[in-house]
Amino acid sequence: MTANSDFVNADRDKVFNQLSELVAFNSVHNEPGLEDQTAGAAEWVQKAFGELGIEMEAITTADGSTALLGTRAGDADSKTVLLYSHYDVVPAGPVDAWESDPFTLTERTHADGSTRWYGRGSADCKGNVAMHLAALRALEANGGTKLNIKVLIEGSEERGGEGLSQLIKDRPELFAADAILIADAGNAAVGQPTLTTSLRGGAQILVEVNTLESAVHSGQFGGAAPDAVKALMRTLDTLSDDYGRTIIDGVDCTSTWPGAEYPESAFRGDAQMLPGTEIMGANDPDGATPVADMIWARPAITVTGFSSTPVSEAVNAIPATASAKLNLRVPAEASAASIADAVVAHLEKHVPWGAHLHAEVLEANAGFSTDPSKPAVATLGECLAEAYGKDTTEQGMGGSIPLTTELQQAHPNAEIALFGVEEPKATIHAANESVDPTEILNIATAEALFLQRYA
(Lines give C-alpha, C1' and ligand atoms only; values in the text may rest on other atoms or scores of the structure.)
Protein backbone atom coordinates (compact mmCIF):
# COMPACT_ATOMS: atom_id res chain seq x y z
CA MET A 1 0.00 0.00 0.00
CA THR A 2 2.85 2.40 0.87
CA ALA A 3 4.23 2.28 -2.68
CA ASN A 4 0.85 3.19 -4.15
CA SER A 5 0.31 5.93 -1.59
CA ASP A 6 3.76 7.42 -2.14
CA PHE A 7 3.30 7.42 -5.91
CA VAL A 8 -0.16 8.99 -5.80
CA ASN A 9 0.85 11.72 -3.37
CA ALA A 10 3.89 12.54 -5.49
CA ASP A 11 1.49 12.68 -8.46
CA ARG A 12 -0.60 15.52 -6.94
CA ASP A 13 0.46 18.15 -9.47
CA LYS A 14 -0.44 15.84 -12.36
CA VAL A 15 -3.86 15.23 -10.80
CA PHE A 16 -4.45 18.97 -10.42
CA ASN A 17 -3.36 19.72 -13.96
CA GLN A 18 -5.50 16.99 -15.49
CA LEU A 19 -8.54 17.97 -13.45
CA SER A 20 -7.96 21.61 -14.44
CA GLU A 21 -8.02 20.69 -18.11
CA LEU A 22 -11.20 18.64 -17.74
CA VAL A 23 -13.03 21.18 -15.57
CA ALA A 24 -12.36 23.81 -18.25
CA PHE A 25 -15.00 22.14 -20.46
CA ASN A 26 -18.56 23.32 -19.81
CA SER A 27 -19.74 19.84 -20.71
CA VAL A 28 -23.51 19.99 -20.12
CA HIS A 29 -25.18 17.37 -22.29
CA ASN A 30 -27.88 18.44 -24.74
CA GLU A 31 -27.44 22.14 -24.02
CA PRO A 32 -27.68 24.25 -27.19
CA GLY A 33 -24.43 26.02 -27.90
CA LEU A 34 -22.30 23.70 -25.77
CA GLU A 35 -21.85 20.88 -28.28
CA ASP A 36 -18.16 21.72 -28.75
CA GLN A 37 -17.64 21.62 -24.98
CA THR A 38 -19.07 18.13 -24.55
CA ALA A 39 -17.18 16.92 -27.61
CA GLY A 40 -13.98 18.44 -26.25
CA ALA A 41 -14.43 16.76 -22.88
CA ALA A 42 -15.03 13.40 -24.53
CA GLU A 43 -11.91 13.77 -26.67
CA TRP A 44 -9.88 14.73 -23.59
CA VAL A 45 -11.03 11.64 -21.70
CA GLN A 46 -10.32 9.40 -24.67
CA LYS A 47 -6.79 10.78 -25.00
CA ALA A 48 -6.00 10.66 -21.27
CA PHE A 49 -6.88 6.99 -20.93
CA GLY A 50 -5.23 6.23 -24.25
CA GLU A 51 -1.95 7.49 -22.80
CA LEU A 52 -2.28 4.76 -20.18
CA GLY A 53 -2.73 2.05 -22.79
CA ILE A 54 -6.51 1.93 -22.64
CA GLU A 55 -7.76 2.66 -26.12
CA MET A 56 -11.33 3.88 -25.78
CA GLU A 57 -14.08 3.44 -28.33
CA ALA A 58 -16.29 6.51 -28.71
CA ILE A 59 -19.88 5.27 -28.99
CA THR A 60 -22.63 7.67 -30.01
CA THR A 61 -25.62 6.66 -27.90
CA ALA A 62 -29.38 6.98 -28.36
CA ASP A 63 -29.60 10.37 -26.62
CA GLY A 64 -26.78 11.83 -28.71
CA SER A 65 -24.15 11.64 -25.99
CA THR A 66 -20.79 9.96 -26.39
CA ALA A 67 -19.97 7.01 -24.15
CA LEU A 68 -16.32 6.05 -23.95
CA LEU A 69 -15.47 2.40 -23.36
CA GLY A 70 -11.98 1.02 -23.22
CA THR A 71 -10.39 -2.32 -22.32
CA ARG A 72 -6.95 -3.37 -21.24
CA ALA A 73 -6.51 -7.11 -21.40
CA GLY A 74 -4.92 -9.01 -18.55
CA ASP A 75 -4.49 -12.75 -18.13
CA ALA A 76 -7.10 -14.74 -19.99
CA ASP A 77 -8.26 -16.57 -16.85
CA SER A 78 -8.26 -13.48 -14.62
CA LYS A 79 -11.25 -11.55 -13.39
CA THR A 80 -12.60 -8.44 -15.07
CA VAL A 81 -13.16 -5.12 -13.30
CA LEU A 82 -15.17 -2.26 -14.82
CA LEU A 83 -14.35 1.28 -13.67
CA TYR A 84 -17.13 3.86 -14.18
CA SER A 85 -17.54 7.63 -14.01
CA HIS A 86 -18.97 10.44 -16.17
CA TYR A 87 -17.59 13.60 -17.75
CA ASP A 88 -20.80 15.61 -18.14
CA VAL A 89 -21.85 18.19 -15.54
CA VAL A 90 -24.89 20.15 -14.44
CA PRO A 91 -25.11 23.80 -15.53
CA ALA A 92 -22.99 26.18 -13.48
CA GLY A 93 -25.90 28.54 -12.90
CA PRO A 94 -25.35 32.26 -12.25
CA VAL A 95 -21.62 32.95 -12.47
CA ASP A 96 -21.88 35.73 -9.87
CA ALA A 97 -22.86 33.09 -7.28
CA TRP A 98 -19.36 31.61 -7.63
CA GLU A 99 -16.35 32.98 -5.77
CA SER A 100 -14.14 32.04 -8.72
CA ASP A 101 -14.69 31.11 -12.36
CA PRO A 102 -16.57 27.77 -12.37
CA PHE A 103 -14.49 26.50 -15.29
CA THR A 104 -11.09 27.39 -13.84
CA LEU A 105 -10.02 24.90 -11.17
CA THR A 106 -9.03 27.14 -8.27
CA GLU A 107 -7.18 26.06 -5.14
CA ARG A 108 -8.10 27.79 -1.89
CA THR A 109 -6.72 27.17 1.59
CA HIS A 110 -9.12 27.89 4.42
CA ALA A 111 -8.68 29.17 7.95
CA ASP A 112 -8.74 25.65 9.39
CA GLY A 113 -5.79 24.72 7.18
CA SER A 114 -7.82 22.58 4.76
CA THR A 115 -7.35 22.96 1.02
CA ARG A 116 -10.06 22.53 -1.60
CA TRP A 117 -10.18 22.74 -5.39
CA TYR A 118 -13.17 24.69 -6.72
CA GLY A 119 -14.87 24.32 -10.09
CA ARG A 120 -17.93 22.80 -11.75
CA GLY A 121 -17.46 19.05 -11.88
CA SER A 122 -14.43 19.11 -9.59
CA ALA A 123 -16.19 16.46 -7.50
CA ASP A 124 -19.18 15.34 -9.58
CA CYS A 125 -17.83 13.70 -11.49
CA LYS A 126 -14.63 14.89 -13.12
CA GLY A 127 -12.79 14.49 -9.84
CA ASN A 128 -13.63 10.80 -10.04
CA VAL A 129 -12.33 10.62 -13.61
CA ALA A 130 -9.05 12.15 -12.40
CA MET A 131 -9.05 9.64 -9.53
CA HIS A 132 -9.33 6.67 -11.94
CA LEU A 133 -6.43 8.05 -13.97
CA ALA A 134 -4.27 8.52 -10.88
CA ALA A 135 -5.06 4.99 -9.69
CA LEU A 136 -4.12 3.47 -13.05
CA ARG A 137 -0.83 5.40 -13.13
CA ALA A 138 0.00 4.15 -9.62
CA LEU A 139 -0.93 0.62 -10.63
CA GLU A 140 1.45 0.64 -13.59
CA ALA A 141 4.24 2.17 -11.52
CA ASN A 142 3.92 -0.58 -8.93
CA GLY A 143 3.80 -3.85 -10.82
CA GLY A 144 0.52 -3.69 -12.70
CA THR A 145 -2.18 -6.32 -12.37
CA LYS A 146 -3.32 -9.57 -13.97
CA LEU A 147 -6.92 -8.29 -14.08
CA ASN A 148 -8.78 -7.45 -17.24
CA ILE A 149 -9.73 -3.80 -16.85
CA LYS A 150 -12.60 -2.01 -18.54
CA VAL A 151 -13.18 1.73 -18.24
CA LEU A 152 -16.57 3.31 -18.93
CA ILE A 153 -16.94 7.10 -18.90
CA GLU A 154 -20.36 8.35 -20.03
CA GLY A 155 -21.55 11.74 -21.20
CA SER A 156 -25.18 12.28 -20.13
CA GLU A 157 -25.53 11.03 -16.56
CA GLU A 158 -26.72 14.41 -15.28
CA ARG A 159 -29.50 14.49 -17.89
CA GLY A 160 -30.79 11.01 -17.15
CA GLY A 161 -28.20 8.81 -18.88
CA GLU A 162 -30.76 7.49 -21.35
CA GLY A 163 -28.10 6.89 -23.97
CA LEU A 164 -26.07 4.59 -21.76
CA SER A 165 -29.24 2.89 -20.51
CA GLN A 166 -30.17 1.97 -24.07
CA LEU A 167 -26.63 0.84 -24.83
CA ILE A 168 -26.71 -1.53 -21.85
CA LYS A 169 -29.95 -3.02 -23.22
CA ASP A 170 -28.66 -3.27 -26.77
CA ARG A 171 -25.11 -4.46 -26.09
CA PRO A 172 -24.95 -5.87 -22.55
CA GLU A 173 -21.85 -7.90 -23.36
CA LEU A 174 -19.80 -4.68 -23.43
CA PHE A 175 -20.26 -4.28 -19.69
CA ALA A 176 -19.68 -7.86 -18.52
CA ALA A 177 -17.48 -7.86 -15.42
CA ASP A 178 -16.91 -9.64 -12.12
CA ALA A 179 -16.75 -6.35 -10.23
CA ILE A 180 -18.06 -2.92 -11.20
CA LEU A 181 -16.62 0.08 -9.34
CA ILE A 182 -18.95 3.07 -9.73
CA ALA A 183 -17.12 6.23 -8.72
CA ASP A 184 -20.06 8.60 -8.39
CA ALA A 185 -20.53 8.77 -4.62
CA GLY A 186 -18.36 9.77 -1.70
CA ASN A 187 -17.31 9.51 1.92
CA ALA A 188 -19.53 10.38 4.86
CA ALA A 189 -16.98 13.07 5.71
CA VAL A 190 -13.52 14.13 4.58
CA GLY A 191 -11.08 11.52 5.80
CA GLN A 192 -13.71 8.89 6.66
CA PRO A 193 -13.53 5.98 4.17
CA THR A 194 -17.06 5.01 3.21
CA LEU A 195 -18.88 2.55 0.99
CA THR A 196 -22.35 3.49 -0.19
CA THR A 197 -24.38 0.32 0.22
CA SER A 198 -27.84 1.58 -0.69
CA LEU A 199 -29.40 4.12 -3.01
CA ARG A 200 -32.90 5.45 -2.60
CA GLY A 201 -35.44 4.82 -5.30
CA GLY A 202 -37.52 7.79 -6.38
CA ALA A 203 -40.48 9.18 -8.24
CA GLN A 204 -41.79 12.49 -9.55
CA ILE A 205 -45.44 13.32 -8.88
CA LEU A 206 -47.42 16.25 -10.31
CA VAL A 207 -50.40 17.47 -8.29
CA GLU A 208 -53.04 20.02 -9.35
CA VAL A 209 -55.98 21.36 -7.35
CA ASN A 210 -58.90 23.35 -8.82
CA THR A 211 -61.72 24.94 -6.85
CA LEU A 212 -63.31 27.60 -9.10
CA GLU A 213 -64.04 28.10 -12.78
CA SER A 214 -61.80 31.18 -12.57
CA ALA A 215 -60.33 33.48 -9.95
CA VAL A 216 -62.95 35.66 -8.23
CA HIS A 217 -62.75 38.87 -6.20
CA SER A 218 -61.61 38.23 -2.64
CA GLY A 219 -63.64 41.14 -1.26
CA GLN A 220 -66.86 39.84 -2.75
CA PHE A 221 -66.36 36.07 -2.24
CA GLY A 222 -63.47 35.66 0.24
CA GLY A 223 -64.27 33.63 3.31
CA ALA A 224 -66.75 31.31 1.65
CA ALA A 225 -65.29 30.47 -1.75
CA PRO A 226 -62.60 27.73 -1.52
CA ASP A 227 -59.04 28.92 -2.07
CA ALA A 228 -57.12 26.46 -4.31
CA VAL A 229 -53.77 27.39 -2.79
CA LYS A 230 -55.00 26.73 0.75
CA ALA A 231 -56.58 23.48 -0.38
CA LEU A 232 -53.34 22.25 -1.90
CA MET A 233 -51.27 23.39 1.09
CA ARG A 234 -53.56 21.58 3.51
CA THR A 235 -53.48 18.46 1.36
CA LEU A 236 -49.69 18.41 1.22
CA ASP A 237 -49.47 19.01 4.96
CA THR A 238 -51.21 15.67 5.59
CA LEU A 239 -48.08 13.94 4.26
CA SER A 240 -46.16 14.69 7.47
CA ASP A 241 -46.75 14.61 11.20
CA ASP A 242 -46.19 17.48 13.63
CA TYR A 243 -42.47 16.75 13.72
CA GLY A 244 -41.94 16.48 9.98
CA ARG A 245 -41.92 12.69 9.63
CA THR A 246 -43.47 11.40 6.41
CA ILE A 247 -46.94 9.84 6.59
CA ILE A 248 -48.47 7.96 3.66
CA ASP A 249 -51.70 6.02 4.12
CA GLY A 250 -51.06 2.30 3.77
CA VAL A 251 -47.24 2.61 3.74
CA ASP A 252 -44.90 1.68 6.61
CA CYS A 253 -42.88 4.81 7.29
CA THR A 254 -41.20 3.59 10.50
CA SER A 255 -38.23 1.51 9.29
CA THR A 256 -34.79 1.94 10.84
CA TRP A 257 -31.31 2.17 9.31
CA PRO A 258 -29.08 -0.78 10.34
CA GLY A 259 -25.75 0.94 9.69
CA ALA A 260 -23.82 3.77 11.30
CA GLU A 261 -25.68 6.82 12.55
CA TYR A 262 -25.48 10.23 10.86
CA PRO A 263 -24.65 12.63 13.74
CA GLU A 264 -27.06 15.56 14.00
CA SER A 265 -24.24 18.10 14.25
CA ALA A 266 -22.66 16.81 11.05
CA PHE A 267 -26.01 16.73 9.27
CA ARG A 268 -26.75 20.35 10.23
CA GLY A 269 -23.51 21.47 8.66
CA ASP A 270 -23.76 19.23 5.62
CA ALA A 271 -27.35 20.33 4.92
CA GLN A 272 -26.45 24.00 5.53
CA MET A 273 -29.35 24.41 7.97
CA LEU A 274 -30.05 27.90 9.30
CA PRO A 275 -29.61 28.55 13.02
CA GLY A 276 -32.69 27.56 15.00
CA THR A 277 -34.19 25.30 12.35
CA GLU A 278 -35.15 21.80 13.42
CA ILE A 279 -34.12 18.48 11.92
CA MET A 280 -37.28 16.65 10.94
CA GLY A 281 -38.22 14.00 13.48
CA ALA A 282 -35.59 15.07 15.99
CA ASN A 283 -37.71 17.04 18.48
CA ASP A 284 -40.51 14.61 19.26
CA PRO A 285 -40.68 14.51 23.11
CA ASP A 286 -41.92 10.94 22.88
CA GLY A 287 -38.84 9.83 21.02
CA ALA A 288 -36.58 11.42 18.43
CA THR A 289 -36.07 9.72 15.07
CA PRO A 290 -32.39 9.39 14.05
CA VAL A 291 -31.24 11.24 10.95
CA ALA A 292 -30.11 8.03 9.24
CA ASP A 293 -33.61 6.56 9.61
CA MET A 294 -35.17 9.67 8.08
CA ILE A 295 -32.94 9.86 5.02
CA TRP A 296 -32.05 6.23 4.26
CA ALA A 297 -34.67 3.94 5.78
CA ARG A 298 -38.00 5.74 5.27
CA PRO A 299 -39.96 7.40 2.46
CA ALA A 300 -39.41 11.14 2.11
CA ILE A 301 -41.43 13.68 0.15
CA THR A 302 -40.10 17.06 -0.96
CA VAL A 303 -42.14 19.82 -2.59
CA THR A 304 -39.71 20.77 -5.34
CA GLY A 305 -42.04 23.22 -7.10
CA PHE A 306 -45.24 25.13 -6.34
CA SER A 307 -47.27 27.27 -8.72
CA SER A 308 -50.16 29.67 -8.40
CA THR A 309 -50.24 33.45 -8.79
CA PRO A 310 -46.70 34.89 -8.49
CA VAL A 311 -46.32 37.41 -5.66
CA SER A 312 -45.29 40.07 -8.17
CA GLU A 313 -48.61 39.58 -9.98
CA ALA A 314 -50.85 39.23 -6.91
CA VAL A 315 -54.27 40.84 -7.06
CA ASN A 316 -57.23 40.74 -4.68
CA ALA A 317 -58.61 37.50 -6.04
CA ILE A 318 -59.16 33.98 -4.74
CA PRO A 319 -56.91 31.53 -6.63
CA ALA A 320 -58.86 29.02 -8.69
CA THR A 321 -55.95 26.65 -9.27
CA ALA A 322 -52.65 25.60 -7.73
CA SER A 323 -50.14 22.90 -8.56
CA ALA A 324 -47.04 21.32 -7.09
CA LYS A 325 -44.34 18.90 -8.09
CA LEU A 326 -43.34 16.34 -5.49
CA ASN A 327 -40.11 14.37 -5.34
CA LEU A 328 -40.54 11.05 -3.58
CA ARG A 329 -37.58 9.11 -2.22
CA VAL A 330 -37.94 5.56 -0.92
CA PRO A 331 -35.58 3.07 0.77
CA ALA A 332 -33.49 0.92 -1.55
CA GLU A 333 -35.54 -2.23 -1.10
CA ALA A 334 -38.95 -0.53 -1.49
CA SER A 335 -40.98 -0.19 -4.70
CA ALA A 336 -40.90 3.45 -5.77
CA ALA A 337 -43.76 2.90 -8.21
CA SER A 338 -46.03 1.32 -5.59
CA ILE A 339 -45.33 3.98 -2.97
CA ALA A 340 -45.84 6.73 -5.56
CA ASP A 341 -49.26 5.26 -6.31
CA ALA A 342 -49.96 5.24 -2.56
CA VAL A 343 -49.04 8.94 -2.38
CA VAL A 344 -51.54 9.71 -5.14
CA ALA A 345 -54.26 7.76 -3.29
CA HIS A 346 -53.40 9.57 -0.06
CA LEU A 347 -53.69 12.99 -1.70
CA GLU A 348 -57.01 12.11 -3.28
CA LYS A 349 -58.34 10.98 0.10
CA HIS A 350 -57.21 14.02 2.06
CA VAL A 351 -57.96 16.96 -0.25
CA PRO A 352 -60.41 19.27 1.64
CA TRP A 353 -63.61 21.08 0.74
CA GLY A 354 -64.47 18.90 -2.22
CA ALA A 355 -61.67 20.50 -4.23
CA HIS A 356 -60.89 18.78 -7.53
CA LEU A 357 -57.50 17.13 -7.30
CA HIS A 358 -55.56 15.46 -10.09
CA ALA A 359 -52.28 13.72 -9.26
CA GLU A 360 -50.05 11.90 -11.73
CA VAL A 361 -46.88 9.86 -11.32
CA LEU A 362 -44.54 11.20 -14.00
CA GLU A 363 -41.74 8.68 -13.52
CA ALA A 364 -40.41 6.19 -10.97
CA ASN A 365 -37.07 4.46 -10.63
CA ALA A 366 -35.93 1.62 -8.43
CA GLY A 367 -33.44 1.85 -5.61
CA PHE A 368 -30.33 -0.26 -5.25
CA SER A 369 -28.50 -2.09 -2.48
CA THR A 370 -25.33 -4.11 -2.35
CA ASP A 371 -23.97 -6.63 0.14
CA PRO A 372 -20.76 -5.25 1.72
CA SER A 373 -19.70 -8.74 2.79
CA LYS A 374 -19.28 -10.02 -0.77
CA PRO A 375 -15.67 -10.50 -1.90
CA ALA A 376 -15.13 -7.54 -4.22
CA VAL A 377 -16.98 -5.00 -2.10
CA ALA A 378 -15.35 -6.27 1.08
CA THR A 379 -11.92 -6.09 -0.56
CA LEU A 380 -12.54 -2.50 -1.64
CA GLY A 381 -13.60 -1.68 1.92
CA GLU A 382 -10.33 -3.13 3.23
CA CYS A 383 -8.32 -1.14 0.68
CA LEU A 384 -10.10 2.09 1.61
CA ALA A 385 -9.40 1.43 5.27
CA GLU A 386 -5.70 0.91 4.57
CA ALA A 387 -5.48 4.04 2.42
CA TYR A 388 -7.07 6.20 5.11
CA GLY A 389 -5.71 4.43 8.17
CA LYS A 390 -9.15 3.91 9.74
CA ASP A 391 -12.08 1.53 9.45
CA THR A 392 -14.42 1.88 6.49
CA THR A 393 -18.02 2.73 7.33
CA GLU A 394 -21.21 2.22 5.32
CA GLN A 395 -23.88 4.71 4.37
CA GLY A 396 -26.96 5.11 2.23
CA MET A 397 -27.30 7.81 -0.38
CA GLY A 398 -30.34 9.84 -1.29
CA GLY A 399 -29.55 10.24 -4.95
CA SER A 400 -30.66 7.62 -7.44
CA ILE A 401 -28.26 6.09 -9.96
CA PRO A 402 -30.39 4.04 -12.39
CA LEU A 403 -27.18 2.70 -13.92
CA THR A 404 -26.69 0.47 -10.88
CA THR A 405 -29.91 -1.47 -11.34
CA GLU A 406 -29.49 -1.61 -15.12
CA LEU A 407 -26.02 -3.12 -14.84
CA GLN A 408 -27.16 -5.52 -12.13
CA GLN A 409 -30.05 -6.70 -14.29
CA ALA A 410 -27.73 -7.17 -17.27
CA HIS A 411 -25.10 -8.98 -15.16
CA PRO A 412 -26.70 -10.46 -12.04
CA ASN A 413 -23.47 -12.06 -10.81
CA ALA A 414 -21.42 -8.88 -10.96
CA GLU A 415 -20.57 -7.21 -7.66
CA ILE A 416 -21.22 -3.48 -7.72
CA ALA A 417 -19.46 -1.06 -5.37
CA LEU A 418 -20.26 2.63 -4.93
CA PHE A 419 -17.65 5.07 -3.67
CA GLY A 420 -15.90 8.26 -4.75
CA VAL A 421 -14.67 11.76 -3.95
CA GLU A 422 -18.01 13.56 -3.45
CA GLU A 423 -18.19 14.07 0.34
CA PRO A 424 -20.77 16.53 1.79
CA LYS A 425 -18.58 19.64 1.73
CA ALA A 426 -18.29 19.27 -2.05
CA THR A 427 -21.80 20.79 -2.41
CA ILE A 428 -22.22 19.11 -5.79
CA HIS A 429 -24.72 20.71 -8.21
CA ALA A 430 -24.47 24.01 -6.30
CA ALA A 431 -22.36 27.10 -6.83
CA ASN A 432 -18.79 26.78 -5.52
CA GLU A 433 -18.65 23.02 -5.97
CA SER A 434 -15.31 21.74 -4.73
CA VAL A 435 -13.25 18.68 -3.94
CA ASP A 436 -10.75 18.00 -1.19
CA PRO A 437 -7.61 16.86 -3.01
CA THR A 438 -6.78 14.38 -0.26
CA GLU A 439 -9.98 12.55 -1.13
CA ILE A 440 -8.83 12.07 -4.73
CA LEU A 441 -5.39 10.92 -3.61
CA ASN A 442 -6.56 8.52 -0.90
CA ILE A 443 -9.29 6.96 -3.00
CA ALA A 444 -6.93 6.58 -5.96
CA THR A 445 -4.53 4.81 -3.61
CA ALA A 446 -7.30 2.47 -2.47
CA GLU A 447 -8.42 1.74 -6.03
CA ALA A 448 -4.88 0.93 -7.16
CA LEU A 449 -4.49 -1.42 -4.18
CA PHE A 450 -7.83 -3.06 -4.99
CA LEU A 451 -6.79 -3.69 -8.60
CA GLN A 452 -3.70 -5.48 -7.30
CA ARG A 453 -5.36 -7.39 -4.48
CA TYR A 454 -8.53 -8.45 -6.28
CA ALA A 455 -6.44 -10.14 -8.94
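Rings of Phe, Tyr and Trp (its six-membered ring) pair if their centres lie within 6.5 Å; planes under 30 degrees apart count as stacked, over 60 as edge-to-face and the rest as tilted.

## Basis

This is a predicted model: local features need pLDDT of at least 70, side-chain atom pairs count only at pLDDT 80 or more, and totals for chains, interfaces and linings use all residues. Residues are numbered from 1 along each chain as its sequence is written, and side-chain values use heavy atoms, leaving out hydrogens and water.

## Aromatic pairs

The whole structure holds five aromatic pairs. One of them joins F16 and W117: ring centres are 5.0 Å apart and planes meet at 75°, so the pair is edge-to-face. The two residues are 101 apart in the chain, F16 in helix α2 and W117 in strand β5. Helices (H or I, at least four residues) and strands (E, at least two) are DSSP runs, numbered from the N terminus.

F16 is partly exposed, at 21% relative accessibility. W117 is buried, at 0%. Buried means under 20% relative accessible area, exposed over 50%, partly exposed in between (1.4 Å probe, protein chains only).

Y262 and F267 also pair edge-to-face, with 5.4 Å between centres and 85° between planes. Both Y262 and F267 are buried. W257, Y262, F267 and W296 form one aromatic cluster.

## Charges over rings

A charge sits over a ring if NZ of Lys or CZ of Arg is within 6 Å of the ring centre and within 35 degrees of the ring normal. K79 lies over Y454, 4.3 Å from the ring centre. R108 has its charged end over Y118, 3.7 Å from the ring centre.
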